[in-house]
Structure formats: structure tokens, C-alpha cells
Amino acid sequence: MISAFLLERIVFILLTITVSVLAYRLYIRIFHAIRLGKPLGKIDRKDDRWKRVLLYAFGQRKMFDRPLAGLMHLFIYTAFLLTQVELIEMMIDGILGTHRILMPYTGVFYVFIVGSVELLSVLALVATTVFLLRRNVLKLPRFAHEDLRGWPFLDANLILVGEILLIIGLLMMNGADSLYLSDMPSLPLSSWLGPLLWGGLSESGLHIVSKAGWWLHMLVVYGFILYIPFSKHLHIFLAFPNAYYAPLPPKAKMSHMPEVTREIRAMFEPTAADQAAVSEEELPEFGAKDVTDLDRGSLLAAFTCTECGRCTDSCPANITGKKLSPRKIMMAVRDRAEEVIRTQSLAEKGPSDGKTLFDYISDEEIFACTTCMACVEACPVLIHPLKIIYELRRYKILTQAQGPSEWIPMFTSLENSGSVWQVQMRRTDWTGTGN
Ligand code: SF4
Ligand code: SF4
């Protein structure tokens, strides 16, 4: 007959295998969704890119543009990182049927890690509570914004509640262990919290509390692993590659359109090759009408977006009551990429549902953008919403010849005189460079 002890191990091992298989399937879908975009081409300035990973992804530098929120986020982030060490031990324990297997071998390092996790967990608990209050009681405008209506609002709350459950599970286990494990080191919190909460329990009662805390923590961790691919919290993984692949300064630089370059060159400095290429070329499509026309960097950014709303909060178009919200642009790109991957078979080359990104993002939104870059400056994870807006506009204006009617005189003037102001003067004359 199988003992309860062996049964618990078998259940945990089967659960771990099931979660691993499901997680693989879910995360590989995100990978495929990002790969719907066009390849990024040559990745240059690799040293600069690694510095950005260290500074902005590991170092959270931009979070501190808003110091209090940055500090709170830092508590949660460092607690998350350090808890991984304890989590490895908990997983080994679950598989081998041991308890605190690393404790006898790691001495003072163990006390340091587990003690730090406890202290950071308390700080993370405070931060999580503040974050919940900001969203649900104080209703800060960027969290009460219509972009987050429905699922995104619930998603943020679910994760925060999950984080609280993680901390409760950990403190239950540590507190009970501090009372009945003879070699348990004295930890800053559980050495007094344990006696306070569980002081009157028998050894078997303490064992049950410790096990319940362990299972609560592990079940929430496994729940998170399966839930995160559906959540804005993908940023905990994707912020790192996104910081690497994000556009480097100068941030306002627009990407070239090789078809246009070729055509202009064929007009001004005609070479036989260019003229042949232009005359043989089918009428090209400019810009992007769907996620498959965007580059993979933009799709990675969409899945990285934390939905924090700092971009929308600083967007002059949004502030002055326009429909445009850069956060919503990023959310729309992600929703559309998910829809494409859901509705197309892997054998298909492109979207097959007859929809485009313009079913998610209206002309009114993209033409309200002043290209001021405030959203790019504000984003803590180096996302560039404007890059996507540029591409959507290019499609509308260059491919579909659509756009606000007020812009037409400007286009005509540029075409005829090289000036936006309908004066016979090249717009670069004021530089005196003769260019
Ligand atoms: S670049 Fe456009 S979307 Fe970004 S803040 Fe400026 S107006 Fe808003
Ligand atoms: S684009 Fe950046 S600033 Fe805007 S919501 Fe997403 S993470 Fe926040």
C-alpha cells in the first residue's frame, strides 16, 4: 500500500510534469506569435544593447522616474529574484520527499538567502497592498483608464492577489518550521511570527501548517507559470530581450523604405540596375496593415508591455482628450498577434481571418499622434509605440492614399516645392548647408 508520504511525492512529480508540458505549449505560442513579424536584420552595437539590459531590465532604472512607485516595484522585483533560490530547494524537496534539503550544506548562505527572502517578502507585501489600493481604492487615472476596462484590470488584480498568497504560503512554512525543526536557523521574521501564530500547536499540527504553506506556495507558483502567458506579466521574462532588441538612440530615427530610396535614386541618379529594378517592381505596399508587416521587435515589445500607462499618462494627444492612447496601441498589437496565432494553422503564411490591425486601431487614433516621443521617453521597459504608429500611418498614406484631408496641402507643397509651408524654398535652406 502506498504511504501518504509517497503519494504526495507522486502527485507533486505528476503535477510538475503536467505543468512543464502545458507551459511549453503556452510559451511556444508566444514565441510563434512574436515570429509572425518580419526579421529584425543585422543587430548592431551589441555592447550598447547589453548595457541597456543591465541598466533598464536588471537595474529598473526608468522605474525610478517615479521614485515611490519605483521603490515599491523594486521590493517586489528583488523578492521575486531571491525567492527563486528558495523555490529551487522547495522543488527538489517535493521531488525527493525531503524538507529543506539545502539547509545542512549551505550554512550562513542559507540563512542569508532565506532571511532576506523573508524581509523582502514583507516589503513586497506592503508594496502589493499599496498597488492594490492604487488601482481599486484611489483609482489613479492611468489605472482607471478605459484601456484597462475588463480583463486587463482583473489581470493586474489577480497577479497582486497571487503575490500575497505566495508570501502567506512562505511565511506559514517558515513560521511552523522555526518551531519544530531543531536545526532551523533563527530567521528575522518567522522566529517571532511562528510562535505568535502557531505557538500552541502540537508537532503534527506544525507539520501540517508547514506542508500547507509549502503546497500553497508551490500551487500558486505553478498557477503563475501557466497564467503568465495570458497576462501582462510576461514582462518579467520579456523585459530582458526587449531591452536588448529595442531601438537604440537616436530614438526618433525613422526606418528607411528601400522601395522609396530606389525610386528616388532612379529619378535623380539613374543607373541601369535601379531603373530596371523600379520598372520590374510590382507596386509595393508601404508600412504595416497587420502584425505580419511589423518587425519582430515591435511584436516582442507588445508582449512586453506592462500596461503601466506611463506612456498614455504623458501623451499630449491623450491628455487633450483625443482617442489615441499609446498603451492601447501596444495592447491592440498583442491582442491581434494572439488572434492571428489562434486562428491560423502553422502551415499558413499569414493571417487568414480577413481582419487587419485596423480592426483594432482606428484612423482617428493614429492620425492624432503628434510624433512628440513623450511615450517613448516615459516607457520603463524601452517600448517605442511611435514606431508602430509610423508604420500604420505609412500604410494609410502611402499605400492607401488616405489620411486627414487637412494634410493634403502639406503633401502637395512638399511634393512641389520641398517645403511644408507652400513657399518656394527648400525646407533645409535655413541650415545654410546647401543640402
Ligand atoms: S508620440 Fe504620439 S503616441 Fe507618443 S506621446 Fe506623442 S502624441 Fe502620444
Ligand atoms: S508601452 Fe511602456 S509605458 Fe506604455 S503601458 Fe506599455 S510598458 Fe507602460
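**Lys328 and its partner**

I looked up Lys328 in this predicted model and found a relative accessible area of 24%, partly exposed. I then checked what its side chain meets: Lys328 forms a salt bridge with Glu365, at 2.9 Å from N to O. Is Glu365 buried or exposed? I read a relative accessible area of 2%, so Glu365 falls under the 20% limit and is buried.

**Other salt bridges**

I searched the whole structure and noted 17 salt bridges. Some share partners: Asp290, Arg336, Glu339 and Lys355 are joined in this way into one network.

Arg49 pairs with Asp44, and their closest N and O atoms are 3.3 Å apart. I have Arg49 as buried at 7% relative accessible area, while Asp44 is partly exposed at 36%. Arg45 pairs with Asp48 at 3.1 Å, N to O. I have Arg45 down as partly exposed at 40%, and Asp48 likewise as partly exposed at 29%.

**Domains**

I took the bounds from the domain assignment, which gives domain 1 as 66–245 and domain 2 as 258–431. Their C-alpha centres are 42 Å apart. I found 18 residues of domain 1 and 23 residues of domain 2 in the contact.

**Nonpolar cores**

Which residues touch the most other members of the largest nonpolar core? I listed Val291, Phe303, Leu324 and Val333, out of 66 residues in that core. Helix α8 (residues 203–227) gives the largest share, eight residues.

Setting aside neighbours within four places in sequence, I find Val333 in contact with Val291, Leu294, Leu299, Ala302, Leu357 and Ile388. I also noted a second core, separate, with 14 residues, among them Ala127, Phe131, Leu132 and Leu171.

**Ligand 1**

I counted 13 residues around ligand 1. Which come closest? My list reads Cys315, Cys369, Thr370, Cys372 and Cys375. Helices α17 (374–378) and α18 (385–399) each give at least two residues to this shell. By class I have eleven nonpolar residues, two polar and no charged ones.

**Ligand 2**

Around ligand 2 I again counted 13 residues. The nearest are Cys305, Cys308, Gly309, Cys311 and Cys379. Helices α13 (310–314) and α15 (326–343) each supply at least two residues of the shell.

Terms used
Residues numbered from 1 in each chain as written. Chains lettered and ligands numbered in written order. Predicted model: local features only at pLDDT ≥ 70, side-chain atom pairs only at ≥ 80, totals over all residues. Heavy atoms only, no water. Near = heavy atom within 4 Å. Helix = DSSP H or I, 4+ residues; strand = E, 2+ residues; numbered from the N terminus. Nonpolar A, V, L, I, M, F, W, Y, C, P; charged D, E, K, R; others polar. Core = buried A, V, L, I, M, F, W, Y, C linked by side-chain atoms within 4.5 Å. Buried < 20%, exposed > 50% of the residue type's maximum accessible area, 1.4 Å probe, protein only. Contact = heavy atoms within 4.5 Å. Salt bridge = Lys/Arg side-chain N within 4 Å of Asp/Glu carboxyl O. Domains from an automatic or database assignment.
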